[in-house]
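Please have the sequence and the model at hand while reading.

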Amino acid sequence: MTQLLAPHFTAPAALDEALRRDGHAALAPEDLAQMAGLELAALDAWTPSWDRLPPDAYLRDGGRYRRRRHGSFVLSGEALTAVPQRAHWQPLSYNALHGGIERWFEPLEPALANDPAFARLLLALGRACSARKGEQPWYVEAHQFRIDTTDGIGRPTPEGAHRDGVDFVAVILAAREGVKGGESRVFDAQGPAGQRFTLTRPWTTLLLDDERVIHETTPIQPAAPGGHRDTLVLTYRSHGFQDPQQGNAASG
């Protein structure tokens, strides 16, 4: 059996230094919960919502392996405000496969979007963003993904290694059941340096400085019936959401 490479975890107190030095950092589940002032049980309560994700109707590779929901928020100081449902949009320069089109995904379920614990999580990661790039409003997009192996293979990043056109990306593993593959890879955007590892424990988090690194996750294959990989991806962007009016400005 192939040995999975584990990420090197960064303590919350060293998070800013790790982002400054490396452009990315991995947080253990307990440390993510600590940063948000939560018990892990508060995060576990969200797990069943991944079972209710609708299919992604916009996959251009002909696949049926992705389900998702999407929501948008504005974070200003310690205030988090939900934004009416809007299209997710990226320019072709950041997403050659799905860029240039407005993708209207189903919204996050109210039980998740309105959960005070969810707000605390978004606020905690927003503080980390502000510590690195200065206090400012953050335009946050939240994506729930399920990648399954119904057709034999699932692609967490069908667009390949990429940047999202935001300031920061948090990739939070929610579940990994009955699959092999799904290795996370992070590369220096300006050079050959890179790391690879596999997220295996629910609520392990990979935080990325999107201006400095490129990331991807390798395809998954079934190791048991019903295999799937669930993530919550949060993007933080200054100066507004990406939309077609911004041309080549960008989001996750």
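The text below takes the helix contacts, then the pocket.

The model is predicted, so local features need pLDDT of at least 70 and side-chain atom pairs count only at pLDDT 80 or more, while totals for chains, interfaces and linings use all residues. Residues are numbered from 1 along each chain as its sequence is written, and side-chain values use heavy atoms, with hydrogens and water left out.

**Helix packing**

Helices (H or I, at least four residues) and strands (E, at least two) are DSSP runs, numbered from the N terminus. Axes are lines fitted to C-alpha atoms, for helices over the stretch in contact, and angles run from 0 to 180 degrees between N-to-C directions.

| Helix pair | Angle | Axes |
|---|---|---|
| α1 and α5 | about 55 degrees | 10 Å apart |
| α2 and α5 | roughly 95 degrees | within 8 Å |

Angles under 35 degrees count as roughly parallel, over 145 as roughly antiparallel, 65 to 115 as roughly perpendicular and the rest as oblique. Therefore α1 and α5 are oblique to each other, and α2 and α5 are roughly perpendicular.

Contact means heavy atoms within 4.5 Å. From α2, Leu 32, Met 35 and Ala 36 touch Arg 120, Leu 121, Ala 124, Leu 125 and Arg 127 of α5. In α1, Leu 15, Asp 16, Leu 19 and Arg 20 meet Ala 128, Ala 131 and Arg 132 of α5.

**The second largest pocket**

A pocket is an open set of points on a 1 Å grid over the protein atoms alone, where a 1.4 Å probe fits, with protein on both sides within 12 Å along at least five of seven lines; lining residues have an atom within 4 Å of a point. Which elements each supply at least two residues of the lining of the second largest pocket? They are α1 (15-22), β7 (184-188) and β8 (194-197). β7 gives the most, with 3 residues. The lining includes Arg 21, Asp 22, Phe 187 and Gln 195.
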